[in-house]
Amino acid sequence: MTSIDRSDLNACDLEPIHIPGSIQGNGALFIVEPTSGTLVGFAGALDEHVLGQKLADILDLNWETLRDQTPAQGVHISAPVVFSGRTYDVLSYRSDEHLVVELLYSEEARPIDASFLAQFHAHEARLERAGTLEDLANEAALAFHRLTGFDRVMVYRFVEGDAGKVLGEYRSPGFSSFMNHHFPASDIPKQARALYVRNKVRVIADVHSQPQPIISASSKLKSIDLSDSALRSVSPVHIQYLKNMEVGASASMSIIKDGQLWGLIACHHHSPRNIALTNRMASQALATSLSRLLKVREEGEFYQQRIRLRTQEDAILSRLGDECHLGQFFAKSGSYLATLLDADGFAAVQGTEVYKVGASPSEASIRELAEFVRAPALVKPIATHHLSVLVPSAEAYKNIASGLLGVTMPTEVPTILMWFRAEHLQTVQWAGNPHKSSTGDPSTPLTPRASFDEWSETVSGRSRQWSLAEIESASRVARMLLDARNNSRIRQLNRELTATVQENENLMRQKDFLLKEVNHRVQNSLSIVAAFLRMQSRGTSDEARRELQQAERRLMAVSLAHRRLYQDESVETIDLSRYLEELVHELFDTLDGQWRKSLQLDLAPVLIPTDKAVTLGLMLNELITNLAKYAYNGAPGPARISLSQHLQTIQLTVSDKGKGIDGTVSGTGFGQKMVQVLIQRLDGTLSFEDNNPGTRAIVRVPITGDKD
């Protein structure tokens, strides 16, 4: 577009048009206290004595029904009423804590009969058959002329910078044409656009009528919010604007698409003209149908463009191949990437490498643009058709790169892809000179522009705009290139990993063979030692025999741990409960058979390092030997062995019901010394408690942290 003076725009945006304190002259307004139904304010042809009266005493309506049916947000329409000898349409809405009732004069009301509905559906059918956007806009202008009777109807779309452009038009003889003309954003200020979203039909029946002030005992009600009002008076600035256009009445219907103000149906008439509520609602319904058709049309065009782009994307990316380097791909496919997005040039920057084709800036300029694009385009693509606004130095090469679309691929060294579009000179037709003079002084009264004569402006430094489908396509190209590159790397890594796995499998087979051999030799060696101990026990004293048997049991604990280590899948950890259970059964097998009958095991699964399990096995061997010797004076008796884990601590308990102890370990030989060494190695504690009767030996050991 063009550069508009923002000072006037901001001043217009500050005008509080939603609280004018008055209404137009073609109706009446009542402000009611909802609980009592008492009139606390009014506007229109009434006397002040009505204040304080019940609304039901003034209007022939059911006040409670009207109050209950008026929503918290939006407008409720009731049946017409007769007031002062005239028929009025009734609508109500809520404003702050009050309920507002409005009467709209309905002398031109048309009944909603079969003929009316048939005409309405005929309008919808003509809109649906329109082939192009221009045809649709022109058909819409004609349909709204027939619904409203206004002499000039324009379909007005908001474009860049909130300016507007007339896409379609109907005009009676004597009205000038604004077709394809632009209107500056200041013609419809910000707060007016917000009200158009909320209040979708706006009628100014007579630009020359005098506003009717709100009368109320409370000064607050004189500035009540009338955002939902159909009678809200109009800004004096806008009234003068219409007078400058030589318009006697106007109406507008909002075109809302996805909750946003897409445009307006703007209606003008030379003389005063009202629109009955029936026709207003029909106009709103037709505007909704138009919004739906516009959305369907735009989505259809977007879908078709997306399908076309995706087909071309697949064709281009098929050139990448499995092993192609990105640099090689850009060198041979850059021109195809440029054509994909209808760009005049394409460039890719990866580290120190620059690849470019077509009409592109110099390499130094491309590097500057790449640095500008790199970080923000990681989040979403950068797209502009006016590059020199974002990068002032781009003014020097605007003839070849006024438009830029850039994305960043998050490779190890970021890869920046950029598409360029050359300058596209265009002539914009304005309805009057949009460059209004401004003093910049906020105290200066607002004045509308007075001229709407055609005014032409040549726009430079801009390219054709990038469509949403094209921006999405650029993002997809970057993502697909990255995916293809990553997939190629993954395939290479898979090949390398497969080779490594095969090597490891060979090593594991060799390890299994060695483990079997080692286990066989260790078990043979332990068996030889055990046999030697048994042989030495023959012919010796009873004391020596007992010590040799004890040594054999210790040897058995080590042998069992070794067998368990070989059988389990893990060589670093072992299930302590399974190991201790087997160890206990083998130890008790060497004792009197009655021990097995009185043995109780309560072992919770605990995974611990293998070397710690062996040490605990030796510890348990000593505790069981001590129990067998001293608990029942060598005779069998009840014994209980339990294993549990509390957080990172293991607790092993060996208890009996024997004679008990006085806090010291019986015996003074090698076994007691071995217990002390083992508990120190485990970095644990050993305590003896009274079992009432008998003794409990409690071993507490941390799962990790052995002392070497």
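Guide: I77 has its place in strand β4 (residues 76–83); strands (E, at least two residues) and helices (H or I, at least four) are DSSP runs, numbered from the N terminus. This is a predicted model, in which local features need pLDDT of at least 70 and side-chain atom pairs count only at pLDDT 80 or more, while totals for chains, interfaces and linings use all residues. Residues are numbered from 1 along each chain as its sequence is written, and side-chain values use heavy atoms, with hydrogens and water left out.

Visitor: Why does I77 count as partly exposed?

Guide: Buried means under 20% relative accessible area, exposed means over 50%, and partly exposed lies in between (1.4 Å probe, protein chains only). The relative accessibility of I77 is 36%, so I77 counts as partly exposed.

Visitor: What makes up the largest nonpolar core?

Guide: A nonpolar core is a set of buried Ala, Val, Leu, Ile, Met, Phe, Trp, Tyr and Cys residues joined through side-chain atoms within 4.5 Å. The largest has 38 residues, of which L576, I608 and I641 touch the most other members. Among the elements that give two or more residues to this core are α14 (576–589) and β25 (639–646), but α16 gives the most, with nine residues.

Visitor: How do you know that β26 and β28 pair?

Guide: Two strands pair if DSSP finds at least two bridges between them. β26 and β28 have seven bridges, in the antiparallel sense, and therefore pair. Q651 stands opposite R700 in β28.

Visitor: Why do β23 and β27 stand at the edges?

Guide: The open sheet of five strands has the order β23-β25-β26-β28-β27. β23 (599–603) and β27 (685–690) each have a single partner strand, so one side of each is left without a neighbour in the sheet.
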